[in-house]
Amino acid sequence: MPLNERGRGQAIVIGGSMAGLLSARVLSEHFEKVIILERDRLPEGPEARKSAPQARHIHALLEAGLKALDELFPTLVRELVREGSDLIDMARDAAWFQSGSWKVRYEGGPQTILVSRPFLEWKVRGQVTALPNVELRQGYGVEELLMDASRTRVTGVKVAGPEGEQTLEGELVVDTSGRGSRAPQWLEALGYGRPEEEQVGIELGYTSRFYERPAGFDEWKILAVSGRAPESRRAGFIANVEGGRWIVSLNGYFGDHAPTDDAGFLEFARGLPTPHIHEYIRHAKPLTPAVSHKIPTSRWMHYETMARFPEGFVLLGDTVCSLNPVFGQGMTVISLGARLLGEHVARARTSPGGLRQGLARGFQKELGKIVGLCWFLTTTMDLAYPEARGKRPFGLKAVQWSVQNMIDLTSLDAKSCHAFYEVLHMRKGMEGLLQPGFAAALMAYNLKSLLVPREQRANLTTLPPPPGRSTPPAPPAAPRERDAA
């Protein structure tokens, strides 16, 4: 099919990642045709893409993101569960040692699903490309944006592909190409200037591998361990995923990264703030070699504050903000951003100006509000490390002190833990932490923290058992000698 088709009724998505796929899904309801342009050749099965090395590591989907996915793909969650993914109650099924204290476990927390990123992306890609008006074109890289005569509106893109350089016109161009996006250079070349770039340097390294999940093990479905900053730089995770497997990810800040050899991987796990992950994996059977990925910074490109911005062009996903993955917010922000894009296009279609007036700026500003909450939560904790590079706002230490107390409070009281989960999983905004009951409990705990040592006022040592059980879970026993043989 030629690439220089007329653009009326057509949208172009740059990038075939989760952000690109979800954007194409929402745009398919509003355009006659949606074309996804992906520079790489994509795998045919549930394998990590070459351009997304982070996909080989643990990923999380907060409840708000799960609900957004369920709205876009009504059969997806059932299909994932049917094929081995776990739909979990986060408060009941997660054993979580966060920032130095164990969260209380109870029934009725937010829901999430445990699934590997390549498997989820493969399933989503299958559903998106099955839509009759969506076309995925692989091997096409976008070279520049096309503009109208007034240079106020993007009208398409110039691409390099198997047939050489060609043009593709569209009413709307969506950039989801990730951290490597050339949008800052494109906008500067077109006279719009560059967006302000905000960074927090974390020098994070992830090392992950898959293990065989012990038969019959049900004490938890995800185990998360992170120490208190700035004393501890390490964290680790074990999560059930499809195929009867565990994915185990170990990470560290500022160059303290887990090795990929068997002995080094285990020794790093032994050095986590609690010994639990080491105890669970030291007798488990590895299924894959360990692989590493490094993330030097969290980054937010402030397109929402640019003085001028062209119509017909929007950006979302890591193209806009790449968050510290330890906090598991990235795919949720992508899902909510895609849903927001659909809402803005639907409103624009019924407004007098249509897609030609206000859509781009309005969308970027609303997306900035979603990103802002997650950015605040993650960078507040990361900036507790003196090595972290980034702007430290006035009063940060007081906020960090209160946030740490809030986390400790979630180890003692189910109501407080639930209020925390509601904000974390984006059921509510920060106002969820201002509920009278929670605010009063936190204030009382803040006062107590001035008088009582932390060891006497928070659960720092004992892994809580699942609701209804009185003893903490024990790691799987070592295999018998004949079994190991």
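A crossing of two helices is left-handed if the near helix is turned anticlockwise from the far one by less than a right angle, and right-handed if clockwise. With that in hand, helix 2 passes helix 9 in a left-handed crossing, while the crossing of helix 1 and helix 9 is right-handed. Please keep in mind that this is a predicted model.

**Helix 2 against helix 9**

- Two packed helices are described by the angle between their axes and the distance between the axes.
- For helix 2 (residues 63–72) and helix 9, the axes come within 8 Å and cross at roughly 45°.
- Helix 2 and helix 9 are therefore oblique to each other.
- On the helix 2 side, the residues that meet helix 9 are A64, G65, A68, L69 and E71, and their partners in helix 9 are T332, S335, L336 and R339.
- Sorted by class, this contact of helix 2 with helix 9 has four nonpolar, three polar and two charged residues.

**Helix 1 against helix 9**

- The axes of helix 1 (residues 18–27) and helix 9 (residues 330–349) come within 9 Å, crossing at roughly 25°.
- Because angles under 35 degrees count as roughly parallel, helix 1 and helix 9 are roughly parallel to each other.
- Helix 1 contributes M18, A19, L22, S23, V26 and L27 to the contact, and helix 9 contributes M331, I334, S335, A338, R339, L341, G342 and V345.
- By class, the contact of helix 1 with helix 9 has ten nonpolar, three polar and one charged residues.

- You will find H257 in the loop between strand 15 (245–252) and helix 7 (262–270).
- With a relative accessible area of 23%, H257 is partly exposed.
- The side chain of H257 reaches the backbone oxygen of E203 at 2.9 Å.
- A polar atom of the H257 side chain also lies 3.2 Å from the backbone nitrogen of G205.
- Leaving aside neighbours within four places in sequence, H257 is in contact with E203, L204, G205, G252, F268 and K294.
- For a sense of distance, H257 and M147 are 110 residues apart in sequence and 45 Å apart in space, C-alpha to C-alpha.

**S416 in helix 12**

- S416 lies in helix 12 (residues 414–424), and S416 counts as buried at 3% relative accessibility.
- The side chains of S416 and D413 are joined by a polar contact of 2.6 Å.
- Not counting residues up to four places away in sequence, S416 touches L409, T410, F438 and A441.

**Backbone details to look at**

- A cis peptide bond joins A229 and P230, with omega about 5°.
- P230 is found in the loop between strand 13 (222–226) and strand 14 (234–241).
- S99 has a positive phi, near 50°, in a residue other than glycine.
- S99 lies in the loop between strand 4 (94–98) and strand 5 (101–102), and at 4% relative accessibility S99 counts as buried.
- R151, although not a glycine, has a positive phi of about 55°.
- R151 lies in the loop between strand 8 (141–147) and strand 9 (154–161), and R151 is partly exposed with a relative accessible area of 41%.

Key
Residues are numbered from 1 along each chain as its sequence is written. This is a predicted model: local features need pLDDT of at least 70, side-chain atom pairs count only at pLDDT 80 or more; totals for chains, interfaces and linings use all residues. Side-chain values use heavy atoms; hydrogens and water are left out. Axes are lines fitted to C-alpha atoms, for helices over the stretch in contact, and angles run from 0 to 180 degrees between N-to-C directions. Helices (H or I, at least four residues) and strands (E, at least two) are DSSP runs, numbered from the N terminus. Angles under 35 degrees count as roughly parallel, over 145 as roughly antiparallel, 65 to 115 as roughly perpendicular and the rest as oblique. Contact means heavy atoms within 4.5 Å. Ala, Val, Leu, Ile, Met, Phe, Trp, Tyr, Cys and Pro count as nonpolar, Asp, Glu, Lys and Arg as charged, and the others, Gly among them, as polar. Buried means under 20% relative accessible area, exposed over 50%, partly exposed in between (1.4 Å probe, protein chains only). A polar contact is a pair of N or O atoms within 3.5 Å; within protein, one must be able to donate a hydrogen and the other to accept it, and residues adjacent in sequence count only if both atoms are side-chain atoms.
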